[in-house]
Amino acid sequence: MRGHFMRSRCGGLDFVLVCAYRFLPCFLDYIGDDGVLAGVRSRKRVFASAASEPVTAAAAPKRQKRSEEPSLDALPDECLFEVLRRVRGARARCASACVSRRWLALLAGIRSASEAVLAPPAAPAVPDLNQEYIGGEDEEEAEADLMDHDGDARERTLEGRDATDARLTAAAIAGGLAAVSVRGSHPARGVTDAGVSALARGCPALRSLYLWDVPRVTDAGLAEIAAECHALERLDITGCPLITDKGLIAVAQGCPELKSLTIEGCSGVANEGLKAIGRSCAKLAAVNIKNCAHVDDQGVSGLVSFATASLAKVRLQGLSITDASLAVIGYYGKAITDLTLARLPAVGERGFWVMANAQGLQKLRCMTVASCPGLTDLALASVAKFSPSLKLVNLKKCSKVSDGCLKEFAESARFLENLQLEECNKVTLMGILAFLLNCSPKFKALSLAKCIGIKDICSAPAQLPVCKSLRSLTIKDCPGFTDASMAVVGMICPQLENVNLSGLAAVTDNGFLPLIKSSESGLVNVDLNGCENLTDAAVSALVKAHGSSLAHLSLEGCSKITDASLFAISESCSQLAELDLSNCMVSDYGVAVLAAAKQLKLRILSLSGCMKVTQKSVPFLGSMSSSLEGLNLQFNFIGNHNIASLEKQLWRCDILA
């Protein structure tokens, strides 16, 4: 249809009315019973039918007559805009957008399906949808992609090469979207302000917008969102270097319902935008500012001090803020329940101490501190003392935290339920035992990861703690932790349900068996990934003692585990849902044993890297319970042909091969 007629140069309201009257019957003929423009078809289909029609002398008059019939493309933009504005229904609007770039641009200028607009705005520079698909995809696939707008759909995600202005505009024309995510951009036709503006006009009820790594979107696009989408509640701009304070100020003025804001890797954002957000967005509850080089104390302090009544979750990472920002957080953060401070090299011990002693963090429940050299024993003890609601503390790469504060910390944090330490190398097993001896009766979970100070001790302390409240224990990648320490764990933690001993290559059956025998409560989740010195004897003892409660078991990398363990699992486990046997020495016989176990209702099974599992296992895997949802068969000798056969048998199951 595009380009067949020259647009009339006549103007004026009279001409518009005459054209509307003249071409309205033609327009109605295009609309089918389902409300879709019947004349909108792929150009391939139109050209194919034209090519199949024999060229005869009799056909010439018909073609002549057809060319003289009125066409909607003969209308000027103003009149065609008025016609398209009256198209109802998401499917009909999407079908209209498929006709040509001109129709797409005009539809993109309509702010909503019901709003009366007297004149079309300037057409946005969007690529031709028809050109986007020529020679690349099948006709049905292209049409399905453009028409993929369910009337009930409320969310849309565009990723990578699919993230173009054309597709974003088509999604906007369908309308009704509440959440849109754009992740990356097409290298040549990526999302720009034109696509974001079309989204703003077409979806004024938008509540959530994520723009990740969209480098061509600027303040102008964000200003359009602010001008049209007044109900916006969540905004995430990550990797958008052209967005500056000007765009954030527009959001602050136009989006009073904003509750969550994430700004990451935006080099153009500084302080004024954050101040404006704090002043104008009274419902702001969560803010995440990461790796923004020009954000300093002024921006953070202004945001927190203005949003003191509503701000509950604060995450600051990779910023050049100092002790002043922490002092403001400690005084004005009266509503903060979740605080994350990461990679803040300019913050010192005084900043943490002042933040705690300001006594404003009375509602703080979760605190994460990572790579902050200013967190010392004194600072951590102060936080515990003046944050009475603290339940979870997560410390990563805090090199100055040691055993010295753990006892005092445990005595002060009387409601603490979860302590996580990662790469805190000055903490030793003696400090952990002192902590457990004085911890809250509500303490439930302890995690020690990559702490080289956690290693065997020469002699046990005079009094060993018995922490009956502890339900979850993680000791991961601590190379100095061996059988002697494991035996102590079994003595002091009798009510464990979740155990993660990943990467403890030095632990053998002699250390693990006492833990199994001392566990009074049934183990539910057990992760032994990388415990390469455990044997079938340990696994058999585990499943015999806890088979009635065990739901998740990982034996990945346990190279001494053989079919004997699978025989014990098939006999004793009735609740096991996930089993990871990656890189174990199990064979086809073990798979057959698992498949024959009627009481076993596995949902996830991983046999990745099991070199003794071959094509002989295919019949057994195919006969497994219908409860199987995920099967990992990577890096073995089953073969692609057998995988295809298995996919037909286990059609409900996702097979990774």
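Predicted model: local features only at pLDDT ≥ 70, side-chain atom pairs only at ≥ 80, totals over all residues.
A search of the whole structure for disulfides, meaning pairs of cysteine sulfur atoms within 2.5 Å, finds zero. Cys-255, for example, is in no disulfide, and the nearest cysteine sulfur, that of Cys-229, is 7.1 Å away. Cys-255 is also buried, with a relative accessible area of 0%; buried here means under 20% relative accessible area, exposed over 50%, and partly exposed in between, with a 1.4 Å probe and protein chains only.

Residues are numbered from 1 along each chain as its sequence is written, and side-chain values use heavy atoms, with hydrogens and water left out.

Let me turn to helix H12, residues 245-254. Helices (H or I, at least four residues) and strands (E, at least two) are DSSP runs, numbered from the N terminus. Seven of the ten residues of H12 are buried: Asp-245, Gly-247, Leu-248, Ala-250, Val-251, Ala-252 and Gly-254. These buried residues pack against helices H11 (219-228) and H13 (272-280) and strands S4 (234-238) and S5 (260-264), where contact means heavy atoms within 4.5 Å.

Strand S2, residues 179-183, is likewise mostly covered, with four of its five residues buried. Strand S1, residues 155-159, runs parallel to S2 and is joined to it by five bridges; two strands pair if DSSP finds at least two bridges between them. Within S2, Val-182 is the bridge partner of Leu-158.

How many cavities of 30 Å³ or more does the structure hold? There is one. A cavity is a set of points on a 1 Å grid over the protein atoms alone where a 1.4 Å probe fits but cannot get out, and lining residues have an atom within 4 Å of a point. The largest cavity has a volume of about 100 Å³. Its lining comprises 14 residues, with Leu-429, Ile-432, Ile-475, Val-489 and Ile-492 nearest its centre. Helices H19 (429-438) and H20 (483-492) and strands S12 (445-449) and S13 (472-476) each give two or more residues to that lining.

Key:
1 Å grid on protein atoms, 1.4 Å probe; cavity = no way out; pocket = protein on both sides within 12 Å on 5 of 7 lines; lining within 4 Å. Points joined across faces, edges and corners; volume = space filled by probe spheres on them.
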